[in-house]
Amino acid sequence: MEKTLEFPVLLRLIDERSVAFRAAVASAPSLEAQVPTCPEWTLLDLVQHLGKVHRRWAATVAAGPADAPPAETASGGAPAAPREREALLAWSAESTEQLLASLREAGPGRGCWTWWDRSQSPQTCGAVARHQLQEVALHTYDAQITVGAPQPLPDEVALDGVDEFLSTCCAGTYAWPHEPAAVDYHATEGRSWRLSLSADGVRATRLPTPGTMPATVAGEDPDAADASVRGTAGELVLALYDRIPVDSLKLDGDRRLFDLLQAWDPDE
């Protein structure tokens, strides 16, 4: 896969997206507003969820290399999230700072427990930072759409997000339970990725030239994908995380593969 964002950049972007998240929450008429992209949650639920995630990963990173996540008490008995808006936003900011402080202290190369032990992504604090950037970016979008002011994902966040999702949530030593296939993801910003699916495992790779592979003398591509999707990197990320329907983007080839991918749980 391609070179990922530098660790200091990841931390800066986590902070920036977290600030944008809280700004959206602060502008909401009510914390009881339903989140359209997470319909089982209110905005209050969304804030509590993200804060707990930040605190949990802060404790996990601080614990260092491990075969299992730390016990709940490893977070130091963090208080429950308040329900009053001003106090809740302060709690959210504190949660983000706990995560960032743990990541800064550990550095990108330190090992730690992650749930993606079989994936193509490493079990390092750098990989945690990379995934947590996507988590806060997606939930910032959720908060913004709840208040009627959705903004596109920043380009550098979105471009890294496609790569991170494919390598962490799809690629690894997982047996693809269907016919072998190749699915390409093309960002209009000029990057493309391929997900190769087989019973022997799933592999994510960056295509050397956007949307193309070496062709035969007859002008045909022997390695053509079975299906492909094209959109902005932000649209691809939103589709990968089920925030927008994948068929709202430009699809080619066997569209059934996108239904199979959506229904697939690699760990089952």
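Is Asp 200 buried or exposed? In this predicted model, Asp 200 has a relative accessible area of 78% and is therefore classed as exposed. The residue is located in the loop that runs between strand S4 (191–198) and strand S5 (201–206). Although 25 residues separate Asp 200 from Ala 175 in sequence, the C-alpha atoms of the two lie 5.7 Å apart in space.

Asp 242, which is not a glycine, adopts a positive phi of about 60°. Its place is in the loop between H6 and S7. With a relative accessibility of 48%, Asp 242 counts as partly exposed.

The packing of helices was considered next. Helix H1 (residues 7–27) packs against helix H3 (residues 85–106) with an angle of about 175° between them and a separation of 11 Å between their axes. On the side of H1, the contact is made by Phe 7, Leu 11, Ile 14, Asp 15, Ser 18, Phe 21, Arg 22, Val 25, Ala 26 and Ser 27. H3 contributes Arg 85, Leu 89, Ser 92, Ala 93, Thr 96, Leu 99, Leu 100, Leu 103 and Arg 104. By residue class, the contact of H1 with H3 comprises 11 nonpolar, 4 polar and 4 charged residues.

The structure contains 6 aromatic pairs. In one of these, the ring centres of Trp 57 and Trp 113 are 6.1 Å apart and the ring planes meet at 20°, so the pair is stacked. Trp 57 belongs to helix H2 (residues 43–63), whereas Trp 113 is found in the loop between H3 and helix H4 (125–146); the pair therefore ties together parts that are 56 residues apart in sequence. Trp 57 has 8% relative accessibility and so counts as buried. Trp 115, at 37% relative accessibility, counts as partly exposed, whereas Trp 116, at 0%, counts as buried. Through ring pairs, Trp 57, Trp 113, Trp 115 and Trp 116 are linked into a cluster.

Charged side chains form a further set of contacts. Side chains of opposite charge can pair when their charged atoms come close. The model holds 11 salt bridges. One of them joins Glu 16 to Arg 12, with 3.0 Å between the closest N and O atoms. Both residues belong to helix H1, where a spacing of 4 residues separates Glu 16 and Arg 12 by about one helical turn. Glu 16 is partly exposed at a relative accessible area of 39%, and Arg 12 counts as partly exposed at 37% relative accessibility.

A further salt bridge connects Arg 130 with Asp 163, the closest N and O atoms lying 2.6 Å apart. Distant parts of the chain are linked by this pair, since Arg 130 lies in helix H4 and Asp 163, 33 residues away, in helix H5 (residues 155–170). Arg 130 and Asp 163 are both buried.

Helix H4 also supplies Asp 142, whose side chain meets that of Arg 243 in a salt bridge with an N to O distance of 2.7 Å. Arg 243 is placed in the loop between helix H6 (233–240) and strand S7 (250–253), so the pair ties together parts that are 101 residues apart in sequence. Asp 142 is buried at a relative accessible area of 0%, and Arg 243 is likewise buried at 17%. Salt bridges with shared partners additionally unite Arg 12, Glu 16 and Glu 156 in one network.

Gln 134 is likewise situated in helix H4. Its relative accessible area of 0% means that Gln 134 is buried. When residues up to four places away in sequence are not counted, Gln 134 touches Val 157, Asp 160, Gly 161, Glu 164, Val 237 and Tyr 241.

Terms used
Residues are numbered from 1 along each chain as its sequence is written. This is a predicted model: local features need pLDDT of at least 70, side-chain atom pairs count only at pLDDT 80 or more; totals for chains, interfaces and linings use all residues. Side-chain values use heavy atoms; hydrogens and water are left out. Axes are lines fitted to C-alpha atoms, for helices over the stretch in contact, and angles run from 0 to 180 degrees between N-to-C directions. Helices (H or I, at least four residues) and strands (E, at least two) are DSSP runs, numbered from the N terminus. Contact means heavy atoms within 4.5 Å. Ala, Val, Leu, Ile, Met, Phe, Trp, Tyr, Cys and Pro count as nonpolar, Asp, Glu, Lys and Arg as charged, and the others, Gly among them, as polar. Rings of Phe, Tyr and Trp (its six-membered ring) pair if their centres lie within 6.5 Å; planes under 30 degrees apart count as stacked, over 60 as edge-to-face and the rest as tilted. Buried means under 20% relative accessible area, exposed over 50%, partly exposed in between (1.4 Å probe, protein chains only). A salt bridge is a side-chain nitrogen of Lys or Arg within 4 Å of a carboxyl oxygen of Asp or Glu.
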